[in-house]
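These are my notebook entries on one chain, written down in the order in which I looked things up. I wanted to see which parts of the chain meet one another in the fold.

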Amino acid sequence: MLDSSIAIEFKGVGKHYIIQRQKSYLVRDAVRKVLRRQKRRREFWALKDVSFQIKKGQSVAFVGGNGAGKSTLLGLVAGTVFPTTGSVRVNGRIGALLELGAGFHHDLTGRENIYLNASLLGMQREEIDERYEQIVEFSELQEFIDTPLRTYSSGMRVRLGFSVAIHIDPQILIMDEVLAVGDQHFQAKCIQQIKTFRAEGKTLLFVSHNPISVKDICERVIWLDHGQLMA
């Protein structure tokens with residue numbers, strides 16, 4: 001059983017993918033023969049033997065270059081990805097903003113997507129009804145809330161996604177580089193909301209390539225490189 005003071009625990013976690021090379025029909029016969037001799041299947045370990053614990057109330061940044069395994073790790077916490085080896089244990093309701101548009105349907109309106117996304121994050125219809133006005137007000141999308149999401153800019157989609165994630169009352173908030181999109185006014189508003197979230201003793205997982213944001217928001221950093229935990 002997971003210690004009640006621990007929000008997240010990784011034990012020997014590895015995540016393995018098989019990359020299948022597609023056949024090419026636009027190369028000469030000689031080149032095609034060479035390619036045929038090569039393996040069409042390649043193994044790729046996004047994470048290798050990663051172990052750590054995060055206590056409740058900690059704010060933790062995951063840093064590393066592209067392909068380091070940061071997004072895979074957050075997906076494992078959120079339950080959208082499953083480990084190949086080891087175990088992942090999470091204690092608390094999760095609010096996740098992993099990628100632009102995740103959990104949204106582009107043909108539905110902003111209003112419909114609030115209900116869809118919040119239900120995917122574990123809220124009941126009655127809870128969503130109670131918080132709907134707060135979600136819309138924070139997103140500042142009142143004028144567009146009944147138009148299809150496909151008409152939204154990337155910044156508008158971030159506004160809606162962040163507003164839903166922060167208003168489902170999560171114990172753990174996961175954010176993957178999404179604050180890099182959108183205007184400075186809303187970024188500042190989000191950072192203030194994150195600080196309020198932290199002050200309430202809740203847990204934050206944050207990925208950003210902006211060292212200023214990492215230093216401003218997080219108290220602890222986990223460094224990944226090519227799927228391995230370095231420090």
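Entry on Ile 174. I began with Ile 174 and, leaving out residues up to four places away in sequence, I found that it touches Leu 74, Val 77, Ala 78, Ile 94, Gly 95, Ala 96, Leu 97, Leu 98 and Leu 205. I keep in mind throughout that this is a predicted model.

Entry on the core. I next looked up the largest nonpolar core, which has 25 residues, and noted that Ile 174 is among the members that touch the most other members, together with Ile 8, Phe 10, Phe 52, Phe 62, Leu 73 and Leu 205. Which elements each supply at least two residues of this core? I listed strands S1 (6-20), S2 (41-55), S3 (59-63), S5 (94-97), S6 (172-176), S7 (203-207) and S8 (220-225), and with them helix H2 (70-78).

Entry on H2. Since H2 was in that list, I checked how covered it is, and found that 7 of its 9 residues are buried. The buried residues are Lys 70, Thr 72, Leu 73, Leu 74, Gly 75, Leu 76 and Val 77. After H2 comes Gly 79, and I wrote down that its phi is positive, near 85°.

Entry on aromatic pairs. I counted 6 aromatic pairs. In one of them, the rings of Phe 10 and Phe 52 have their centres 4.6 Å apart and their planes at 15°, and because planes under 30 degrees apart count as stacked, I recorded this pair as stacked. Phe 10 belongs to strand S1 and Phe 52 to strand S2, so the pair ties together parts that are 42 residues apart in sequence.

I then turned to Phe 138 and Phe 186, an aromatic pair that is edge-to-face, with 5.7 Å from centre to centre and 70° between the planes. Phe 138 lies in helix H4 and Phe 186 in helix H6, so here the parts tied together are 48 residues apart in sequence. Phe 138 and Phe 186 are both buried.

Entry on H5 and H6. How do helix H5 (residues 154-167) and helix H6 (residues 184-199) pack? I found an angle of about 10° and a distance of 12 Å between their axes. Angles under 35 degrees count as roughly parallel, so I described H5 as roughly parallel to H6. From H5, the residues Val 158, Arg 159, Phe 162 and Ile 166 meet His 185, Phe 186, Cys 190, Gln 193, Ile 194 and Phe 197 of H6. I sorted the residues of this contact into 7 nonpolar, 2 polar and 1 charged.

Entry on H3. For helix H3 (residues 110-120), I listed Gly 110, Asn 113, Ile 114, Tyr 115, Asn 117 and Ala 118 as buried, and saw that the buried residues of H3 pack against helix H4 (125-139) and H5. Just after H3, Gly 122 has a positive phi of about 105°.

Entry on Leu 229. Last, I looked at Leu 229, which is found in strand S9 (residues 228-229). Is Leu 229 buried, exposed or partly exposed? Its relative accessibility is 31%, so I counted Leu 229 as partly exposed. Leaving aside neighbours within four places in sequence, Leu 229 is in contact with Val 50, Ser 51, Phe 52, Ile 222, Trp 223 and Leu 224. I also noted that the C-alpha atoms of Leu 229 and Gly 69 are separated by 9.4 Å, although these residues are 160 residues apart along the chain.

Key: Residues are numbered from 1 along each chain as its sequence is written. This is a predicted model: local features need pLDDT of at least 70, side-chain atom pairs count only at pLDDT 80 or more; totals for chains, interfaces and linings use all residues. Side-chain values use heavy atoms; hydrogens and water are left out. Axes are lines fitted to C-alpha atoms, for helices over the stretch in contact, and angles run from 0 to 180 degrees between N-to-C directions. Helices (H or I, at least four residues) and strands (E, at least two) are DSSP runs, numbered from the N terminus. Angles under 35 degrees count as roughly parallel, over 145 as roughly antiparallel, 65 to 115 as roughly perpendicular and the rest as oblique. Contact means heavy atoms within 4.5 Å. Ala, Val, Leu, Ile, Met, Phe, Trp, Tyr, Cys and Pro count as nonpolar, Asp, Glu, Lys and Arg as charged, and the others, Gly among them, as polar. A nonpolar core is a set of buried Ala, Val, Leu, Ile, Met, Phe, Trp, Tyr and Cys residues joined through side-chain atoms within 4.5 Å. Buried means under 20% relative accessible area, exposed over 50%, partly exposed in between (1.4 Å probe, protein chains only). Rings of Phe, Tyr and Trp (its six-membered ring) pair if their centres lie within 6.5 Å; planes under 30 degrees apart count as stacked, over 60 as edge-to-face and the rest as tilted.
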